[in-house]
Amino acid sequence: MVIDLGSNDYGSGHIPTTELWVKAYSDFVQNISATYTPPPAIFLTVSHCVGKNESIKYCADTRKAFESMKAGGMKNVHFLDVTVNGTGAWDVPPGTIGCDHHPSQTAHALMGKIAAPQMKAVMGWD
């Protein structure tokens with residue numbers, strides 16, 4: 001299961017506090033994990049935000065949420081940075097930003113190349 005939350009939250013001008021984001025995200029993922037037996041592998045992704053400052057906070061807060069979940073014993077949660085180059089949405093190759101700052105088809109292809117090997121390793125796919 002891949003969860004990509006926060007791009008719109010952090011890009012809309014209503015940026016949550018780190019504490020609020022970590023708690024809400026952790027509660028959400030814990031609910032999903034508790035719903036399924038066995039809990040599914042869950043990949044927490046970070047992707048594109050509108051601006052540099054929003055992206056820095058979004059990526060850092062999502063990583064903190066991931067670290068909090070892992071520290072709390074959630075072994076089924078994995079962090080997956082698909083921001084094309086791993087540094088955030090503000091530093092992406094030309095042609096990768098589409099309508100309304102959504103990833104373009106080119107960006108989706110690049111994100112897939114980043115995600116696939118990491119997901120295959122976790123899932124044990126050949």
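A: Start with the surface. Accessible area comes from the Shrake-Rupley method with a 1.4 Å probe. The model here is predicted. The protein exposes about 7100 Å². Carbon and sulfur atoms supply 58% of that area.

Q: What share of the residues is buried?
A: Buried means under 20% relative accessible area. By that cut-off, 40% of the 126 residues in the protein are buried.

Q: How many helices and strands are there, and in what order do they run?
A: The protein has four helices and three strands. Read from the N terminus, the order is β-α-α-β-α-β-α.

Q: How do I read contacts along the chain?
A: Look at how far apart in sequence the partners are. Take the contacts between residues at least 6 apart in sequence. Of these, 68% join residues at least 24 apart.

Q: Can we follow a single residue? Where does Val46 lie?
A: Val46 belongs to strand β2, residues 42-46. Its relative accessible area is 1%, so Val46 is buried. Set aside residues up to four places away in sequence, and Val46 touches Tyr58, Cys59, Thr62, Phe79, Leu80, Asp81, Val82 and Thr83.

Q: How far apart are Val46 and Thr62, in sequence and in space?
A: They are 16 residues apart in sequence. In space, the C-alpha atoms of Val46 and Thr62 are 7.2 Å apart.

Q: Now the interior. Why look for groups of nonpolar residues there?
A: In soluble globular proteins, nonpolar side chains tend to be buried together. Here, the largest nonpolar core has 18 residues. The members that touch the most other members are Ile3, Tyr25, Val29, Ile42, Leu44, Met69 and Val77. Helices α2 and α3 and strands β2 and β3 (77-81) each supply at least two residues of this core.

Q: Which residues does Val29 touch?
A: Leave out residues up to four places away in sequence. Val29 then touches Ile3, Ile42, Leu44, Met69, Met74 and Val77.

Q: What about charged side chains?
A: Side chains of opposite charge can pair when their charged atoms come close. This structure holds two salt bridges. One joins Asp27 and Lys23, with the closest N and O atoms 2.7 Å apart. The other joins Asp61 and Lys57, where the closest N and O atoms are 2.7 Å apart.

Q: How are Asp27 and Lys23 placed in helix α2?
A: Both sit in α2, residues 18-35. They are four residues apart, so about one helical turn separates them. Asp27 is partly exposed, at 41% relative accessibility. Lys23 is exposed, at 52%.

Q: And how are Asp61 and Lys57 placed in helix α3?
A: Helix α3 spans residues 52-71. Asp61 and Lys57 are four residues apart in it, so they too are separated by about one helical turn. Is each end buried or exposed? Asp61 is buried, at 2% relative accessible area. Lys57 is partly exposed, at 27%.

Q: Which side chain makes a polar contact with that of Thr18?
A: The side chain of Lys57 does, at 3.0 Å. Thr18 lies in helix α2. Thr18 counts as buried because its relative accessible area is 19%, and the cut-off is under 20%. Beyond its neighbours within four places in sequence, Thr18 is in contact with Lys57, Asp61 and Lys64.

Q: What polar contact does the side chain of Ser33 make?
A: Its partner is the side chain of Asn76, at 3.0 Å. Ser33 is found in helix α2. At 6% relative accessibility, Ser33 is buried. Apart from its neighbours within four places in sequence, Ser33 is in contact with Pro39, Ile42, Met74 and Asn76.

Notes
Residues are numbered from 1 along each chain as its sequence is written. This is a predicted model: local features need pLDDT of at least 70, side-chain atom pairs count only at pLDDT 80 or more; totals for chains, interfaces and linings use all residues. Side-chain values use heavy atoms; hydrogens and water are left out. Buried means under 20% relative accessible area, exposed over 50%, partly exposed in between (1.4 Å probe, protein chains only). Contact means heavy atoms within 4.5 Å. A salt bridge is a side-chain nitrogen of Lys or Arg within 4 Å of a carboxyl oxygen of Asp or Glu. A nonpolar core is a set of buried Ala, Val, Leu, Ile, Met, Phe, Trp, Tyr and Cys residues joined through side-chain atoms within 4.5 Å. A polar contact is a pair of N or O atoms within 3.5 Å; within protein, one must be able to donate a hydrogen and the other to accept it, and residues adjacent in sequence count only if both atoms are side-chain atoms.
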